[in-house]
Amino acid sequence: MARSEALFLAFVLHRRDYSDTSLLLEVFAVGEGRFPAIAKGARRKKSTASALLQPFQPLWLGATGRGEVRTLTRVEGAGAAIALRARALIGGFYLNELLMRLLGRNDPHDALFAFYQVALTALAEGQDLDTVLRQFELRLLDEIGYGMTLDRAASDGIPVRSDLSYVYDQELGVRLSGLSEPGLVLSGATLLALAAGEPLEAEQRREARSLLRIALAPHLGGKPLQSRELYRRWFGADG
Amino acid sequence: MAERSLLNQLIDALRCLPGVGPKSAQRIAFHLLERDREGGARLARVMAAAMTGIRRCQRCRTFTENDLCGICASTKRETGSLCVVEQPSEVVAIEQATDFRGLYFVLGGRLSPLDGIGPDALGLDHLERRLCEESIAEIILAISPTVEGSATAQFIADCAARQGVKVSRIAHGVPLGGELEYLDGGTLALAFAGRRDL
């Protein structure tokens, strides 16, 4: 008799073949966080699990096992797969890669899970890629304890003004830019748009991209993000 | 520590075969030694020759011991259509099951940024050159309908569009003899979206 397990809402972040008939998955789930799991027999001919156990498909999963790698006991679709194409698809891969690289295993991150769903849906709806990715990156940094305050100067707490220039210091945060400041200079408008989650304009996208790249770098180690490379190869520009 | 006798080495070496665990490896080793030494010796000779002699076809990247594989070297193929597949085994499957008589291109995988597999690892730069240099009128994508597969298909479709080459992909849907009731939702939805006139 199989024990009846509570099902949890989940997404597959990554999958690869395991033995002849199984899949080894990296799962991101409500109440569970990120964890590895095996779907036994999912690649057998008569199994429909392989079709479901794909990235960007909302799932209800049941799992057993206390060890490092759990075994899936139930797999059900929780609605249609989120259909991503071209730029949005690479955006989706990018979100997954960030979660794989930055989230520790077996730590619940339910707020981030909800935001992940929102971000995927926004990508599928064709919303501006930069705005969606930057907002997700900010939430992710927040979740792992490196949240950024962007709408106030770090030293004195004076609100950022859209008509002034600022610099971002990795340790200290936002401060007013002096004359001929080395490093990344950001317009107050960019900082405010990021803090408020508003759509970014062309120049703001470039600034925001550089800012988040600097903020994420220490947590990513030296290895470049592969989805970023793919974006560059595919569309020729930075993403 | 297990003894590193020749027998142990043989059993160990056999385990590199897919689906062969320690038990099967031992069975195969004893079978060859007891009953079929000649077969074992032949296997060893052919295996050694194949491992050094078989390379990738310079045009389609399938396995061959020559510069070009049999299909690419043939003068009887239709050079205007190119079928893109993931694995060399799929070339064989398509050759046996369909009446496709064009050329092939074997990727050897799918675009998968999280595994570090980018366009160059799949020879997509090579494919793009072929689209430029040869007079290919149509590309047929026979790539598995996974998320990575569809990323690969879209990447190739974008390349082909830049060269003005027509792209189609093989149909996805209900398997022959399959029953709708047992089909997963995604496949059923695809089958519906891709329905055709009778």
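Modeller: We'll take the sheets of chain A, then the contact between the chains. Keep in mind that this is a predicted model.

Biologist: Fine. Which strands of chain A close into a barrel, and in what order?
Modeller: Five of them, in the order S1-S2-S3-S5-S4, and the pairing is mixed. From one strand to the next, the twist averages 45°.

Biologist: How many bridges hold S2(A) and S3(A) together?
Modeller: Seven. Strand S2 covers residues 22–29 of chain A, strand S3 covers residues 33–39, and they pair in the antiparallel sense. To find your place there, look at Val27(A), which stands opposite Phe35(A) in S3(A).

Biologist: And what packs on that sheet?
Modeller: Helix H2, residues 86–102 of chain A, touches S1, S2 and S3, and its direction makes about 90° with that of S1(A). Helix H3, residues 110–124 of chain A, packs on the sheet too, touching S1 and S2 at about 75° to the direction of S1(A).

Biologist: OK, over to S4(A). How many bridges does S4(A) make with S1(A)?
Modeller: Three, again in the antiparallel sense, with S1 at residues 8–18 and S4 at residues 59–64 of chain A. Phe8(A) has Leu61(A) as its bridge partner in S4(A).

Biologist: How many bridges join S4(A) to S5(A)?
Modeller: Six, between antiparallel strands, with S5 spanning residues 70–77 of chain A. Ala63(A) has Leu72(A) as its bridge partner in S5(A).

Biologist: Which residue in that hairpin takes a positive phi?
Modeller: Gly65(A), with a phi near 105°; the hairpin has five residues between the strands.

Biologist: Let's move to the open sheet. What's the strand order there?
Modeller: S7-S6-S8 of chain A, three strands with antiparallel pairing. The edges are S7 (173–176) and S8 (185–187), each of which pairs on one side only. Ignoring direction, neighbouring strands are turned by 40° against each other on average.

Biologist: Which helix lies across S6, S7 and S8 of chain A?
Modeller: That's helix H5, residues 188–196 of chain A, running at about 70° to S8(A).

Biologist: Now the chain contact. How much area do chain B and chain A bury between them?
Modeller: About 1900 Å², with 62% of it on carbon and sulfur atoms. Pro113(B), Leu114(B) and Gln154(B) supply 33% of the area that chain B buries against chain A, more than any other three residues.

Biologist: How many residues does each chain put into the contact?
Modeller: There are 22 residues from chain B and 23 from chain A.

Biologist: What about salt bridges between the two chains?
Modeller: The count is one. Arg233(A) forms a salt bridge with Asp120(B), and the closest N and O atoms are 2.7 Å apart.

Biologist: On the chain B side, which element gives the largest share of the residues that touch chain A?
Modeller: Helix H7 of chain B, residues 147–162, with seven residues. By class, the side of chain B that touches chain A has 10 nonpolar, six polar and six charged residues.

Terms used: Residues numbered from 1 in each chain as written. Chains lettered and ligands numbered in written order. Predicted model: local features only at pLDDT ≥ 70, side-chain atom pairs only at ≥ 80, totals over all residues. Heavy atoms only, no water. Contact = heavy atoms within 4.5 Å. Buried area = accessible area lost by both parts, 1.4 Å probe. Salt bridge = Lys/Arg side-chain N within 4 Å of Asp/Glu carboxyl O. Helix = DSSP H or I, 4+ residues; strand = E, 2+ residues; numbered from the N terminus. Nonpolar A, V, L, I, M, F, W, Y, C, P; charged D, E, K, R; others polar. Pairing = 2+ DSSP bridges. Axes fitted to C-alpha atoms, helices over the stretch in contact; angles between N-to-C directions.
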